Amino acid sequence: MSDLDLLTQSLARSVKHWRAVRGFTLDVLAARAGVSRGMLIQIEQARTNPSLGTVVKIGDALGVSITTLLDYEQGPNVHIVPADQAVRLWHTDAGSYNRLLAGTEAPGPLEMWDWRLMPGESSPSDPHPAGTTELLHVTAGELTLTVDGVEHRVPAGASVHFEANVPHTYGNTGEVPMEMVMAVSVPPVP
């Protein structure tokens, strides 16, 4: 079985589990996540490989991290995620990517990401639930961060945090690859 098949099956089990834990019907989760009921059925039956944006929306609607949706085991006190177990959820042929390094529920989802954007590339993100905060640290190049239509330049060595409940885009308008580490904190589902 391929890594993609394992990931698809893990996602199917987790979405079903967390939907039941939250007491959501398919229709309720579809409305909360902004995805179709049909898409949720396909995900829960492991018949599709949804986009990163769709997985993020479902996780946000369920109030759990992507790490939790992907079934990572979590130890009682310390959980080490080996480098080869970081999950690459998005990439381009030019070499841009993001990797989910680690995540936990504390008390809502808390995720840490490793990003690389090649020159001229960008990655848009839909608004997250109110109260979501992103904290980024640029380690190489320069990030062009657009938050609710306003562009901000963040050079290597600088950090930025913002409320992520509005449309935002990570971009690289420079000449060299941009690399950053990002933490995302989503409030728990009420």
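**Close-up views of a predicted model**

**View 1. The largest nonpolar core has 41 residues.** Ile58, Leu69, Leu143 and Tyr170 touch the most other members of this core. The element that gives the most to this core is α4, with five residues. A nonpolar core is a set of buried Ala, Val, Leu, Ile, Met, Phe, Trp, Tyr and Cys residues joined through side-chain atoms within 4.5 Å. Buried means under 20% relative accessible area (1.4 Å probe, protein chains only). This is a predicted model: local features need pLDDT of at least 70, side-chain atom pairs count only at pLDDT 80 or more, and totals for chains, interfaces and linings use all residues. Residues are numbered from 1 along each chain as its sequence is written, and side-chain values use heavy atoms, with hydrogens and water left out.

**View 2. Leu143 and the residues it touches.** Beyond four places in sequence, Leu143 touches residues including Leu136, Val138, Tyr170, Met178 and Met180. His152, Arg153 and Val154 are also among them. Contact means heavy atoms within 4.5 Å.

**View 3. The largest pocket holds about 410 Å³ of space.** Of its 26 lining residues, Leu52, Gly53, Val56, Ser125 and His128 are the closest to its centre. α4 (52-62), β3 (109-117), β4 (122-125) and β10 (178-185) each give two or more residues to the lining. With six residues, α4 gives the most. Helices (H or I, at least four residues) and strands (E, at least two) are DSSP runs, numbered from the N terminus. On a 1 Å grid over the protein atoms alone, a pocket is an open set of points where a 1.4 Å probe fits, with protein on both sides within 12 Å along at least five of seven lines; lining residues have an atom within 4 Å of a point. The volume is the space filled by probe spheres set on the points.

Methods: Buried means under 20% relative accessible area, exposed over 50%, partly exposed in between (1.4 Å probe, protein chains only).
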